[in-house]
Amino acid sequence: MSSNDPLSRREFLSFAAKLSALGLGAGALGGCTSPASEPSPSGGGGASEQTRAVKRAIVRENAIDYRKARAVPTICFGCTTACGVIGWVQDGRVRKIDGNPLDPNTRGAICSKAQGMVSYTYYPERVLHPLKRVGPRGSGRWKRISWDEALDEVARRLKLLREGGRPEEFVFHYGRDKTKGFTKRFTNAFGTPNRLNRRSICSSNRRVPLMSFYGREFEWETQDLARSKFMINFGANPMEAYQGGLFMAPRIMEARVEHGAKLVTFEVRPSATASVSDEFFAITPASDGAIALAMAQVILAENLHDEAFWKRWSNLPLDTLREHLEPYTPEFAEAESGVPAADIRRIAIAFAKAAPACCTISNRGSAKHYNGVQADRAIRMLDVLVGNVGKPGGFGLSTLRMWKKGRYGQDGLPEISAPKPSPKGPEPWKPGTRAFRKLPKEVQARVRGFPEAWQNKYFGELATPSEFPLSWLYYSMRVGQLVHPYLKEERQQISVYMSYTLGAAFGFPEAKVAREVLKDENLVPFHVAIDIGYSEQASLADIILPDATSLERWDAHSQNSYAMRPYTGIRQPLVEPLGEARPVQLIFQELARRIGGGMEKYFEFDDLEDYYKAWYSELPISWEEFKARGIWTDPERPLDYELYEQPVPPAELEGSTVDEETGVIRVERQGKQVAVGIMLDGKAVRGFPTPSRKIQVQDEIFVQAAKLTGLSLDDINASPLPIYDKVPEHKGLADDRLIFTTFKWNVHTQGRSGHWKYHAEIVHTNPALMHPETGAKFGLKEGDEVEITTYRPKGAVYRTGEEEPVGSFRQKVRFIPGMNRRVVACSHHVGHWEHGVVGRGGEATKADLPLAHEGQLPLASSKPADETPSLGEQVWWAKSKGGPGGGVHINDALPINAQPLVGGQNWFDNVCSIRKV
Amino acid sequence: MSEPRLSGPERAPFDRLLARLLLREPDAELEVLLRESGLLSRLDEGADQPLDLEAYAEEYTRLFLLPEGAPPFASAWLEGERERLGAQFTGFVHQTLAALGRETERAAPWGNLPLDHLGLLLDLSANAFSSEDPEDHAVGEHLCREAIQPWVGSFARALLAKSRLPLYRLVGTLLLQLHAEPTEEVRP
């Protein structure tokens, strides 16, 4: 007999009798049900007449009954924009997401990614239980364990480190952490500085220019778009994929419709934003800085600058600027960018004439290049030159940080902060300390040369890489894409690596390096992954802890406000976490209790709601009202215009000193001299939160950082003023080479959403986009398959100049007429090999896929999906069904390319060759 | 199979067992039950050997808790939007609980699993047929017809194909015989 052989009726009845006798005949399922599920003593269900009447009417209905469903406000987590939303909950399940009209940023709008939260909460392949691997790491062999067993093991390992005086060997590496400091509470209480992130993968290159100009508070800009009359967009895509895009897009359109505002876009491809612009120029990649500097030259030459504003608020003399800009003519910029000089002139003049109701927009498109930091500095300078900063319709400044007394621009706001006590962070790794002595000698030498202020912020090479001081001097942006290479080089030793919603194994540049390191138990002795799904990252863990989704958890919330008035919101659970998933806050609470040693006192709350209620205890409305609204703002508060001109209150001036040379006003707070304003024309005003209290168009920090790290002062990134030079590997670009760039779709968010079925149905593949003329040049027709091979970048970057290719992948080409002719572009969201059948595009599991060649990922397979009835049935775009399949993973072929000094990944510089397959 | 199918009450003990097998890994207690009922003798190999519970723990995880296997959720196997299907099943199970007079209970007595989990549906079916009230049996029939039958065949055949251990192949066989559409083949 065999397990596959059918039972006869006689056998069934025989077995049924035996099973009944053994207790499976009646009553609730032993061990799987709560006592309440036992049938009533009446033997039946005890159904009332009413229920009997309706029982035959039970149907699988889909409609939401809005009379019964609850509407619960929360904050979306479909992407990092974090819109206020309302979730409809019926029968304990989230049915739908709507916008929250009280959110001043969105005014009730949402995008499709909001519904993605429902997808990722309920998809059948979500990880719902703690798992422990039972085979070699990465073998895919797991067993379920209890939470107690999982937490005991993690805590045991962490406790050994902490009690052994080696807390720094615990690394916490997160992808998207919106807990507003909760995880930092844990890492600080533990004593490790290694709370790493992926900021450098995202936006370090564009944050540093902002913080250099305007201070730490303004790492993200907030243009007053609704009132703007002229907007110049350098490579950003707010219509589609931009942190804050949903706040910006409607306002851009309102401005265009209601008062004829103009939008000009410089991009390498016809993005969604380019497509709605009044003018779109398909520029040469990484030429944004040349265009911006040329525009600045024109504005000065035409005397259209705001001289009074510049003299009052810029730290650079105008004459110095004029001289500096001489080489950057429109003709120069035309040669670099392909934009006609006449158009550069015309646009510059129109922009300046619209001032102050004009603004620049930029993001990754301009910044994620070797010259990108300088490009964004040049772009930011345009706003200062025309004096639109902080003006209606201009380049706004609104902090996205939580509200704290004394923070710039937050006067009068209620404080919103985590309950006390808060743990103090670890001590810096100053020369002579134990941790410092373990560093490589060349690192020690470099750090010894840092000024004391820098040494006071240094915490080792993983957290504060000494070659990239601008990645940590403002705040902890880190250089995430170098963590795994540094571990491989043994720059630091770790024992426990905890990843949290991190997609390094899929989404980092040269993700194969991350995978190689994560698989190596010598380099990473223990890996625990906290995640929602079985991601590529989680598949390389030793223990997986299932995280609650954003629909199942609490978080405090802050965001910069395009309504020009601060607001706050609350993320609250709409439903209980599914399965055994737990919010990360409770995971850390339990770990802290088990590790002990004083950690537990920072997590003494019985209920997460109580914890967040304490956060918001100073709000002028009740907690219940706040939960009911989801959002709070003070409608009477003046808009955030010209914060820098606000007078410093007399009370703050008591005991202050004024620097005679600079006018900076300082007071003593907690033993330190703190700048609170600047004396201008005899009046004490706030100024900007920079060292000079002015806008730092000239910033010596770049020179200082270059000198202290050994970067050549001739390198573009060492310039104290915004300058332009071509990306090193783009100089003398061979005619048969193209520049490979990536981009984002509006329905996806990084590599996190490839398995959201609704979204994967809309975008599930990533063809190689190019101009038809580019295709013709290479003898290609639409739909041809090509192999794209990438090469190491040049300049002062990782493994610079190595001759062998970085990697390659194959994809089909698609022609897009608006592309720049030297560019080929793919999106990066798809090509998963984990996350389940939707993420894989219905393909056969990876165990069935052939390896392309050593070190490479398996190519997308044309082999039919599993021929038994399979989950792939739902994936109508699968290759086995004649569809295009689930896309190609490209990140292994994209070189690690960390911007000198800043560390941001230069995603868009890649030189590639293509050949028809 | 030409023999008459089992009735709901006759099926109830198997539904309980199948639910148990789908909701948790086998343990020593279950092994005793399987052995004493004689079902272990139906397995391909090692009927007189103790179950390798570690191997079964791994297999359970592989099949039912990870994307590589056969997730036991209707929304994974039915055509249509997963979110809509999941919502339909949620409402359906709530209505069924109400019809069985259990509307005041917490709707997820099985732990907070999605309500399209086959183990929960089978347990609910067994509850309905364990009642002496024929109206409850009608509810059970309706549950099986609407919520189990349309997709259990696909799930069961996948289980038969993917299972590396005999007990879960037996689960697939039993599901096909007890719940699949009458016209479906019993063998893969």
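Predicted model: local features only at pLDDT ≥ 70, side-chain atom pairs only at ≥ 80, totals over all residues.

Residues are numbered from 1 along each chain as its sequence is written, chains are lettered from A in the order in which they are written, and side-chain values use heavy atoms, leaving out hydrogens and water.

**Confidence**
- The predictor gives the complex an ipTM of 0.93 and a pTM of 0.94.
- Within chain B, H3(B) comes out highest at a mean of 96, while helix H5 (residues 82-99) of chain B is lowest at 82. Helices here are DSSP runs of H or I with at least four residues, and strands are E runs of at least two, numbered from the N terminus.

**The second largest cavity**
- Its volume is about 130 Å³. A cavity is a set of points on a 1 Å grid over the protein atoms alone where a 1.4 Å probe fits but cannot get out; lining residues have an atom within 4 Å of a point. Grid points are joined across faces, edges and corners, and the volume is the space filled by probe spheres set on them.
- H3(B) gives the most to the lining, with three residues.

**A sheet in chain A**
- Four strands form an open, antiparallel sheet in the order S18-S19-S20-S21 (chain A); strands pair if DSSP finds at least two bridges between them.
- The edges are strand S18 (657-658) and strand S21 (683-685) of chain A.
- A:Met679 sits opposite A:Ala684 in S21(A).

Notes: 1 Å grid on protein atoms, 1.4 Å probe; cavity = no way out; pocket = protein on both sides within 12 Å on 5 of 7 lines; lining within 4 Å. pLDDT = per-residue confidence, 0-100.
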